[in-house]
Amino acid sequence: MAGFFTDINEVANEGDQNPCEVTSNAAFAGTAPLTSLLTTPLEDRSVSTRLGDADNPVVIEFEWPFLIDVAYAGLFHVNLWQESFCRMEVFADADRTEKVADTRYPNGRDRRVIPGLYDPRTLQPGLPNWLRGGLRNKDFRLYTTNIHANVSLCRARVVRWSLWGGAYQPDGTDDTVYRIGLGWAGDGLTITRHAPGSGDGVKTNTELTETPGGGTWAEPGIRKRTATIDLAQISEEVRDKLFDAAHRAGNEKPIVWLPDVASPEKCFRYGGLFRRVGDHAHKYIPPQFASTTIDLVEWRE
């Protein structure tokens, strides 16, 4: 599977010589402004004052004074239902005339937040997701909703998102606004993880306390997804890029991991915003090749 790994976020570039400016055609709450998209924590979200529709979507634009490299863009910790629509466009000029990327399908249709799942084994007659082919809502809401867009590497001055459709509140009822935690745009690295050796998991963080007589008390923790990326044999170029990324991100900065860029449902379940865990070390095979293992845990702050 061709996965995607990046720690380069040109949106959150505080102190950089190429700062990002974010604007929208919609108003945002004074206590949750649009600029919250530029930084973590994820709970400090930007909150719009309305929803979008096909004729008047909520448009969010990120713009830089100078060109940046874009192979990936994302919106993290959003509250759009999976059947809502999104469009990401990339422009190489500040006038928005030179479009270099667009997430619409070849037939011109826009993509859903989570595209339909076409494995017939997942479609159970009578359930709400039967005809559209999406996840069941009770499964959809187990995960943080993120929107991912991989494009061919291009140079960009403007990244534009258009959003429309319904949104949800934590209890599963419909919301009347969009809530977005973090924007992302930048370059990255396509890698193929080795099997066996790679894997995904869930870290429960629940504390169990046993009492005399066999009782057990459970203090629920914040569940986080985990991922292990085993790279059995990588070229010198990939080795050096991963080493640079490990040095930049450490264990403190967020990174994006998508396990299979061709399968949105796999990226929804197993990909998203993570942080590195542990140290980074290569083992050389011959000098021009190396192996390494990257351990990740979900970013939930």
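## The second largest pocket

In this predicted model, the lining of the second largest pocket is made up of eight nonpolar, three polar and four charged residues. The pocket has a volume of about 420 Å³. Its lining counts 15 residues, and the closest to the centre are Asp7, Asn9, Ala12, Lys253 and Pro254.

If you want to find this pocket by secondary structure, look to strand E12 (182-186) and helix H2 (236-249), the elements that give two or more residues to its lining.

## The largest pocket

The largest pocket holds about 670 Å³ of space. Its lining has 27 residues, with Arg141, Leu142, Tyr143, Thr144 and Arg300 nearest the centre. Two or more lining residues come from each of strand E4 (58-78), strand E14 (199-203), strand E17 (224-235) and helix H3 (264-270).

What classes of residue make up the lining of the largest pocket? There are 12 charged residues, along with eight nonpolar and seven polar ones.

Searching the whole structure for cavities of 30 Å³ or more turns up one. The volume of the largest cavity is about 50 Å³.

Around the largest cavity you will find Leu42, Phe76, His77, Thr144, Asn146, Arg225, Leu273, Glu298, Trp299 and Arg300. Sorted by class, this lining has four nonpolar, three polar and three charged residues.

Conventions: Residues numbered from 1 in each chain as written. Predicted model: local features only at pLDDT ≥ 70, side-chain atom pairs only at ≥ 80, totals over all residues. Heavy atoms only, no water. 1 Å grid on protein atoms, 1.4 Å probe; cavity = no way out; pocket = protein on both sides within 12 Å on 5 of 7 lines; lining within 4 Å. Points joined across faces, edges and corners; volume = space filled by probe spheres on them. Nonpolar A, V, L, I, M, F, W, Y, C, P; charged D, E, K, R; others polar. Helix = DSSP H or I, 4+ residues; strand = E, 2+ residues; numbered from the N terminus.
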